[in-house]
Protein chains: 2
Amino acid sequence: MKKDKISGDLGGGGRSSYDFVRNILIPLFDNPYLSKLDDGAVFDINGTRFAFSTDTFVADPIFFPGGSIGDLAVNGTVNDISMCGAEPLYISTGLIIEEGFSMDKLKIILKDMKIAADNANVKIITGDTKVVPKGGVDKIFINTSGIGIVPENITVSCSNAKPGDKIILSGTIGDHGVAMLTCREGMEFETKIKSDTASLCNMVKNILPFGRSIHVLRDPTRGGAGTALNEIALKSQTGIFFNEKEIPVKKEVAGICEMLGLDPLYIANEGKLIAVVAPEAASEILKSIKNDLFGEDAAIIGEVVSDFSGQVVMKTGIGGRRIVDMLSGEQLPRIC
Amino acid sequence: MKKDKISGDLGGGGRSSYDFVRNILIPLFDNPYLSKLDDGAVFDINGTRFAFSTDTFVADPIFFPGGSIGDLAVNGTVNDISMCGAEPLYISTGLIIEEGFSMDKLKIILKDMKIAADNANVKIITGDTKVVPKGGVDKIFINTSGIGIVPENITVSCSNAKPGDKIILSGTIGDHGVAMLTCREGMEFETKIKSDTASLCNMVKNILPFGRSIHVLRDPTRGGAGTALNEIALKSQTGIFFNEKEIPVKKEVAGICEMLGLDPLYIANEGKLIAVVAPEAASEILKSIKNDLFGEDAAIIGEVVSDFSGQVVMKTGIGGRRIVDMLSGEQLPRIC
């Protein structure tokens with residue numbers, strides 16, 4: 001079926017997003033940096049390797065339990081740079097504001113950006129502000145782009161997973177998406193679930209000394225952990241096998257997902273990472289991640305296998321096996 | 001008067017934009033890169049100086065005589081990098097698309113981005129796509145960020161103008177803004193005016209051999225040439241004196257401006273630059289600019305003076321003198 005209208009799932013981080021990038025953007029823009037399909041592009045200048053990434057945030061609501069579009073925007077790009085195995089240094093900010101938006105709210109959002117930047121030890125050094133007449137944009141959108149440096153002995157990429165590697169998930173999944181959902185208009189859940197929005201750069205910095213034992217880093221944002229694992233399997237041409245029981249999910253998040261028919265595996269996270277690492281270093285890397293402020297629930301959830309290349313298979317809670325595909329369609333719009 | 005609601009002029013590139021950046025963003029984000037207030041930030045890593053810039057495009061209409069939001073988005077960031085005296089290398093793209101937008105139009109816009117990138121010899125190496133439910137954004141907005149390298153003997157900045165310097169304007173002003181205006185719904189002008197959207201990186205590349213004789217480069221986009229000259233005067237703490245008669249304006253553009261009560265000095269350009277250069281090199285630099293594809297109408301329009309520091313004074317067509325202030329308010333919304 002020819003799609004002549006853009007649908008929401010094209011930006012949802014699942015199968016349609018993947019197809020759009022692979023079938024339209026990569027052939028058109030045609031360069032080896034983009035076609036690696038990592039969270040950022042890595043390029044070399046005079047022997048120094050740089051990571052460069054961009055992300056636009058259209059979150060609705062703009063204030064939610066655990067954060068705001070401001071810290072989300074800084075953490076998101078800081079994390080994308082970190083997922084290149086890089087230390088983030090500089091951030092740009094592109095604001096698009098609806099005419100009539102509250103100056104006080106804008107100041108709170110900007111303050112949240114500053115706090116997030118300080119926490120990640122990055123500087124916001126350039127920016128642009130557009131104001132659009134009422135109705136042209138819903139409240140405020142924020143683009144951030146960022147630059148970081150990749151240390152010498154680090155090569156992480158979605159295409160680097162190798163059979164035998166262990167897969168570490170740095171904490172509970174689904175918190176961000178469910179927090180966004182439960183605070184939306186019309187929803188009346190009384191929960192204490194907060195977004196997990198956080199900068200992962202310190203967690204990554206602490207494991208970088210493991211060097212080439214770190215094969216893949218990926219933060220499972222839109223599309224969730226299920227989609228991220230599929231991208232790794234596809235790009236690395238390996239299989240991925242994991243155990244449902246090992247996936248950390250908060251009881252309350254699991255409860256709401258069950259009630260609404262949502263799968264936590266496809267719900268966005270904003271402060272979690274998946275690390276695919278050499279088996280001999282796995283337990284030490286896990287220990288380092290668990291020592292991080294945002295890593296206490298980290299777990300080894302599975303491993304990379306040479307069977308069923310390009311696919312992700314889950315051992316279910318009741319002992320069966322099922323294929324976990326990429327997110328198809330869009331679960332929750334404007335989650336980030 | 002306390003402004004508690006964001007008004008259009010805050011993003012209009014004139015006085016309000018300048019005040020917002022100076023009074024809110026710079027004190028909050030607090031770093032020397034941002035506070036230089038140039039078109040991009042310049043930072044040093046291992047002895048190489050990089051320029052980093054971002055710009056979001058919310059142009060309405062998205063297709064207009066002479067271009068589209070696609071080439072506008074690439075040229076805009078290429079030019080901001082060039083105005084740092086840098087050679088642009090890599091571009092990121094953040095797309096925000098309204099659900100239901102035409103896939104065919106999206107493909108045309110992406111193709112325009114690719115052509116503009118090829119013309120400027122830059123690569124689009126990383127990106128992000130968000131789709132927002134209908135009504136959340138008007139058609140399509142595009143953020144681009146870019147990275148370039150500043151050659152060793154180049155130091156251009158808005159704060160570098162020196163008394164005696166000559167001011168070169170690279171061509172006719174007002175073309176972009178008037179082209180946008182005349183093709184908007186409800187306007188029925190029969191004109192042949194096209195946007196001047198173009199990449200200025202080759203023009204800049206050709207004058208970079210003049211090294212430290214180039215003091216300031218600025219592209220007069222939102223806010224127009226009048227605002228850009230004011231920013232230079234303010235940041236350099238010098239006066240600027242120019243001759244109205246020397247300002248190149250197309251006859252048709254001047255006519256429409258007169259009819260609508262618009263001042264070409266405040267209308268956005270998307271393919272012009274202002275160069276402030278040492279007097280002894282001015283005629284050679286002008287010659288180089290005139291040799292460029294987009295520089296044939298270039299002219300020396302005035303000079304930097306030690307009188308009336310921080311102000312811009314124009315010798316009018318009838319021989320009088322008047323102060324040219326920054327754009328106050330917003331002339332044309334969603335021009336870029």
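A crossing of two helices is called left-handed if the near helix is turned anticlockwise from the far one by less than a right angle, and right-handed if clockwise. In this predicted model, the crossing of helix 4 and helix 7 of chain B is left-handed.

**Helix packing in chain B**

- Helix 4 (residues 175-182) and helix 7 (residues 251-260) of chain B pack at an angle of about 60°, and their axes lie 10 Å apart.
- Helix 4 of chain B contributes Asp175(B), Val178(B), Leu181(B) and Thr182(B) to the contact, while helix 7 of chain B contributes Val253(B), Ile256(B), Cys257(B) and Leu260(B).
- By class, this contact of helix 4 with helix 7 of chain B comprises six nonpolar residues, one polar residue and one charged residue.

**Helix 7 of chain A**

- Val253(A), Ile256(A) and Cys257(A) are the buried residues of helix 7 (residues 251-260) of chain A.
- Viewed down the axis of helix 7 of chain A, these buried residues fall within an arc of 100°, so they line one face of the helix.
- Helix 4 (175-182) of chain A is included in what covers them.
- Lys251(A), Glu258(A) and Met259(A), on the other side of helix 7 of chain A, are exposed.

**Relation of the chains**

- The same surface serves both copies, as 100% of the contact residues of chain A recur in chain B.

Key. Residues are numbered from 1 along each chain as its sequence is written. Chains are lettered from A and ligands numbered from 1 in the order in which they are written. This is a predicted model: local features need pLDDT of at least 70, side-chain atom pairs count only at pLDDT 80 or more; totals for chains, interfaces and linings use all residues. Side-chain values use heavy atoms; hydrogens and water are left out. Buried means under 20% relative accessible area, exposed over 50%, partly exposed in between (1.4 Å probe, protein chains only). Helices (H or I, at least four residues) and strands (E, at least two) are DSSP runs, numbered from the N terminus. The arc is that of the directions from the helix axis to the C-beta atoms. Contact means heavy atoms within 4.5 Å. Axes are lines fitted to C-alpha atoms, for helices over the stretch in contact, and angles run from 0 to 180 degrees between N-to-C directions. Ala, Val, Leu, Ile, Met, Phe, Trp, Tyr, Cys and Pro count as nonpolar, Asp, Glu, Lys and Arg as charged, and the others, Gly among them, as polar.
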